[in-house]
Amino acid sequence: MPEQFINGFLGGVLIGLAAVILFLTDGRIMGVSGIVSRLCQGTIIDWAWRLAFVAGLMVSARVFHYYGFRIDYPQASLGVLIVAGLCVGMGTALANGCTSGHGICGLARFSKRSLVAVISFMLAGMVTMLLMRLGGWQ
Amino acid sequence: MNILWAFIAGLIMGMGLIIADMVNPLRVQGFLDIFGLFDPSLVFTMAGALMTTMVGYYFIRKYVKKPLCEVSFDNPSNTVIDKKLIGGSILFGIGWALAGFCPAPALVGVGFFAQQAMVVVMAMLLGMWFIKKIN
């Protein structure tokens, strides 16, 4: 079994663990698009935990960076990055969820809504990838 | 305490994303490249995450009456499957494939001080704000 499959699985277990911890301690669904979109919503009691969660995501990168881990981000045109970001932002706001919210938490709760969401974004992603390839993407 | 646990959850999720290499746009795009050079690594990530969360949620639902640091559990009850859900998911999927970023990996990328991630996050926040505005 290729090492990357094992790393992938272990990484997934950690993601699941994070979701379970957040639910057990704070009673919250770990839907990152929702957490981000509500960062400034309500009183400090409402958004403080969200800010802390986002801080945790960013600090994890610093921890790995400290131990020498680096990511080689691929070249991408500014225009594509902006369009991609806009699509992700608008799409997740409309659908009220993303890969973590619908894909992990929603499916784990056997939500039909999330199943439809996951099928939709997976298919859309795969077709977009196909079109990108046909359009000469490497 | 609830804030500390939220931070810990974010930290662990970030670690999981990094170990699974889901913070790497090429890994994501390889996974979505199902009609081309398909990279199934993230299928194992989904499997690991789903298994863990399903088991965790099941036992919490069954044996835990109240979250440790909060008053009650989130219990999303919206079951409506409509154009917003499907259209929004499709739009998200397109954006996901275009740059290989979804919200959490993009935030981790900001943690790595990666310019691409910063651009995506800013555009993502703008997109979210826009939808909230018109609703």
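The entries below cover the ground rules, chain B, the interface and the cysteines.

**Ground rules.** I am working from a predicted model, where local features need pLDDT of at least 70, side-chain atom pairs count only at pLDDT 80 or more, and totals for chains, interfaces and linings use all residues. Residues are numbered from 1 along each chain as its sequence is written, chains are lettered from A and ligands numbered from 1 in the order in which they are written, and side-chain values use heavy atoms, leaving out hydrogens and water.

**Chain B.** I looked up the secondary structure and found six helices and zero strands in chain B; helices are DSSP runs of H or I of at least four residues, strands are E runs of at least two, and both are numbered from the N terminus. The C-alpha trace of chain B spans about 45 × 40 × 30 Å along its principal axes. Of its 135 residues, 51% count as buried, meaning under 20% relative accessible area with a 1.4 Å probe, protein chains only.

**Interface of chains A and B.** I took contact as heavy atoms within 4.5 Å. On that rule chain A puts 95 residues into the contact and chain B 102 residues. The buried area is about 9300 Å², with 79% of it from carbon and sulfur atoms; this is the accessible area (1.4 Å probe) that the two parts lose on being put together, summed over both. A:Phe23, A:Tyr73 and A:Arg113 supply 8% of the area that chain A buries against chain B, more than any other three residues.

I then looked for charged pairs and noted two salt bridges between the chains, each a side-chain nitrogen of Lys or Arg within 4 Å of a carboxyl oxygen of Asp or Glu. In one salt bridge, A:Arg28 meets B:Asp74 at 3.7 Å, N to O.

Next I asked which elements chain A brings to chain B. Helices H1 (3–26), H2 (32–37), H3 (44–66), H4 (78–95), H5 (99–108) and H6 (112–134) of chain A each give two or more residues. H1(A) gives the most, with 21 residues.

A:Cys87 counts as buried, at 10% relative accessibility. For B:Cys102 the nearest cysteine sulfur is that of A:Cys98, 6.3 Å away. B:Cys102 is also buried, with a relative accessible area of 1%.

Key. Buried means under 20% relative accessible area, exposed over 50%, partly exposed in between (1.4 Å probe, protein chains only). A disulfide is a pair of cysteine sulfur atoms within 2.5 Å.
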